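This report covers an interface first, then a sheet, then points of backbone geometry.

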Amino acid sequence: MIYPLIGLIIGLFIGFISPISIPVKYSSYMSIAILAALDSVFGGIRAIYENNFDVNIFITGFFANTLMAGFLTYFGDRLGIPIYLAAIFAFGVRIFQNLAIIRRGIIKHIFPKKDQK
Amino acid sequence: MNDKNKAGLSIALVCLVLGMMLVAQFRTTQISGSAYTSHQRAQEIAQELKNITDERDMLKKEVLNLRLRIDEYENSASKISSLTEAMQKELEKTRMMAGLTAGEGPGVVITLDDSNVPKQPGEDPNLYLIHDEDILRVINELFAAGAEAVSVNDLRIVATSEVRCVGPTIIVNSIRLAPPFTIKAVGDPDVLEASLKMRGGIIEYLEVYNIQVSIKKQDKIQMPAYTRPIQLNYLKPTKAGENQ
């Protein structure tokens, strides 16, 4: 489980040294996209613990989630309804669910005997 | 094992993208800052503003009173001799130039207002607003065309006047102004108008952004005096020929 951490650190590093920044106008899209990406990462880690990880599902899920979240934000902007709240809610709930499952997985790894009792 | 490695790598890849996005987003929020101001703080500031505005009004009255008194002294002094009378005239002229006395004369009145064209979504609204630069350019053009006195929203432009953007408003002579801006200039009306309407000139430039501009020639323009107190703390006069 060291790869995601290394990837995150490299990503942060690249972000710091390269001068990318997002126009303020698009920062709401970006925050939703970040949430979607977080959700995908947690989903992926969870799938690894459940031993049903599929690279294709993971990658497509990442892009579909991010794009859909961005689209919802855009659509909500146009309609004047903060639809992106739906995305925040859905992703937020899922992140915590996945976190709970990952936690159980880790505990099983660390204390296998206790679990078998 | 290979499968697990593959899974870890693909998650790492996504994490990489996530990290880059996070940094970009942090940077953006750092630039724009959080727009959150508590209600209480806003009230405090409003109260403070009111106090200061009251104080300012009082001081303004005081300045007027003191000016009147100076006038009285000068008038009484000029009666004493012809020399002081000549000096009085010289003083009057200098004052006129410095913008410390109100006056009137022919000239032009220019009105600038923000664009009323409906803004397309995704377009920078800044392009359709009047900025300090626009006003400065108009003032500059007017002086270049021989204007003898210029005022913006009845604030006289003097040697120390500033024209500056502060948020959505423009500060002139330390007073906040909002559009529409009325710029008055005393001078030859035809020359002034022609200088503004010059091909490639300021009006053409402003009309690109649909800023509403109107120029009116007038025979009689009331030019207000500079009303703020004048304090020179650092500037000391040098006599001619002393520090050449």
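In contact across the interface are 26 residues of chain B and 35 residues of chain A, contact being heavy atoms within 4.5 Å. The model is predicted: local features need pLDDT of at least 70 and side-chain atom pairs count only at pLDDT 80 or more, while totals for chains, interfaces and linings use all residues. Residues are numbered from 1 along each chain as its sequence is written, chains are lettered from A and ligands numbered from 1 in the order in which they are written, and side-chain values use heavy atoms, with hydrogens and water left out.

About 2,800 Å² is buried between chain B and chain A, and carbon and sulfur atoms give 81% of that area. Buried area is the accessible area (1.4 Å probe) that two parts lose on being put together, summed over both. On the side of chain B that touches chain A there are 15 nonpolar, eight polar and three charged residues. Here Ala, Val, Leu, Ile, Met, Phe, Trp, Tyr, Cys and Pro count as nonpolar, Asp, Glu, Lys and Arg as charged, and the others, Gly among them, as polar.

Chain B is assigned domain 1 (41-96) and domain 2 (102-223), with bounds from an automatic or database domain assignment. The centres of these two domains of chain B, taken over C-alpha atoms, are 27 Å apart.

Chain B has an open sheet of five strands in the order 3-2-7-1-8, with antiparallel pairing. Strand 3 (155-156) and strand 8 (212-223) of chain B are its edge strands, each pairing on one side only. Strands are DSSP runs (E, at least two residues), numbered from the N terminus, and two strands pair if DSSP finds at least two bridges between them. Strand 1 (residues 103-113) of chain B is joined to strand 8 of chain B by ten bridges and to strand 7 of chain B by six. Some bridge partners are listed below.

| Residue in chain B | Partner | Strand of partner |
|---|---|---|
| B:Gly105 | B:Ile221 | strand 8 of chain B |
| B:Val109 | B:Lys184 | strand 7 of chain B |

Most residues other than glycine have a negative phi, and most peptide bonds are trans. B:Asp154 has a positive phi, near 65 degrees, and lies in the loop between strand 2 (149-152) and strand 3 of chain B. The peptide bond joining B:Pro179 and B:Pro180 is cis, with omega about 0 degrees. B:Pro180 is placed in the loop between strand 6 (175-177) and strand 7 (181-186) of chain B.

Note on methods:
Helices (H or I, at least four residues) and strands (E, at least two) are DSSP runs, numbered from the N terminus.
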